[in-house]
Amino acid sequence: MTGKPFTTCLWFDTEGEEAAEFYTSIFKDSSIGAVSRYGEAGPRPAGTVMTVEFTLNGQKFVALNGGQEGFSFDESVSLMIEAADQAEVDYYWERLTDGGQESACGWLKDKFGFSWQVVPSAFYAMMRDPDPEKVNRVTAAMLTMKKLSVPDLERAYAGA
């Protein structure tokens, strides 16, 4: 057992390098590492990008251009971004929905079809409150939103 951190592998058809460049343009402390290419053995044409190693906020990822093979992203796997405040929620939301699609309750799909959750830190604090009425109000408010709104969640929390 190595005790090394996990690396998340994201399977793409052919757009792994484009996705790595897109994601690293959004997140601080991000970079693209090694790029490997298919050789003569295939299954893709020699020289085609096979994998791209990249890091987002210190977390390692690999984009694999594995072909369509019937695989696609769905909402059962997503990455959660804990945003410090509304400005950060807006920053990530605007960039990740560019060419993508808004969903509900802080969820979205980026232009590659990968799901993200953009959640303000304040939401977690509100949901841990021991007062079930406050939690219910915040939950009810959240269920009406696409992008989460800190001011609206705070009003619901306060009972306003």
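The legends below describe close-up views of a predicted model.

**View 1. Residues lining the largest pocket.** The largest pocket holds about 160 Å³ of space. Its lining is made up of T8, F27, L56, N57, Q59, F61, L79, M80, I81 and W116. Sorted by class, seven of the lining residues are nonpolar and three are polar, with no charged residues.

**View 2. Strands at the largest pocket.** Two strands, β4 (59-65) and β5 (78-83), each supply at least two residues of the pocket lining. The most is given by β5, which contributes three residues.

**View 3. The largest nonpolar core.** In soluble globular proteins, nonpolar side chains tend to be buried together. The largest nonpolar core in this model has 25 residues, and those with the most contacts inside it are Y23, F27, F54, L96, W116 and V118. At least two core residues come from each of β1 (8-12), α1 (16-26), β3 (49-56), β4, β5, α2 (86-96) and β8 (115-120). Helix α1 gives the most to this core, with five residues.

**View 4. Surroundings of Y23.** Y23 is among the residues with the most contacts inside the largest nonpolar core. With neighbours within four places in sequence left aside, Y23 is in contact with L10, F12, F54, L56, D110, F112, F114 and W116.

**View 5. F27 and W116 at the pocket and the core.** F27 and W116 both line the largest pocket. F27 and W116 are also among the residues with the most contacts inside the largest nonpolar core.

Notes
Residues are numbered from 1 along each chain as its sequence is written. This is a predicted model: local features need pLDDT of at least 70, side-chain atom pairs count only at pLDDT 80 or more; totals for chains, interfaces and linings use all residues. Side-chain values use heavy atoms; hydrogens and water are left out. On a 1 Å grid over the protein atoms alone, a cavity is a set of points where a 1.4 Å probe fits but cannot get out, and a pocket is an open set with protein on both sides within 12 Å along at least five of seven lines; lining residues have an atom within 4 Å of a point. Grid points are joined across faces, edges and corners, and a volume is the space filled by probe spheres set on the points. Helices (H or I, at least four residues) and strands (E, at least two) are DSSP runs, numbered from the N terminus. Ala, Val, Leu, Ile, Met, Phe, Trp, Tyr, Cys and Pro count as nonpolar, Asp, Glu, Lys and Arg as charged, and the others, Gly among them, as polar. A nonpolar core is a set of buried Ala, Val, Leu, Ile, Met, Phe, Trp, Tyr and Cys residues joined through side-chain atoms within 4.5 Å. Buried means under 20% relative accessible area, exposed over 50%, partly exposed in between (1.4 Å probe, protein chains only). Contact means heavy atoms within 4.5 Å.
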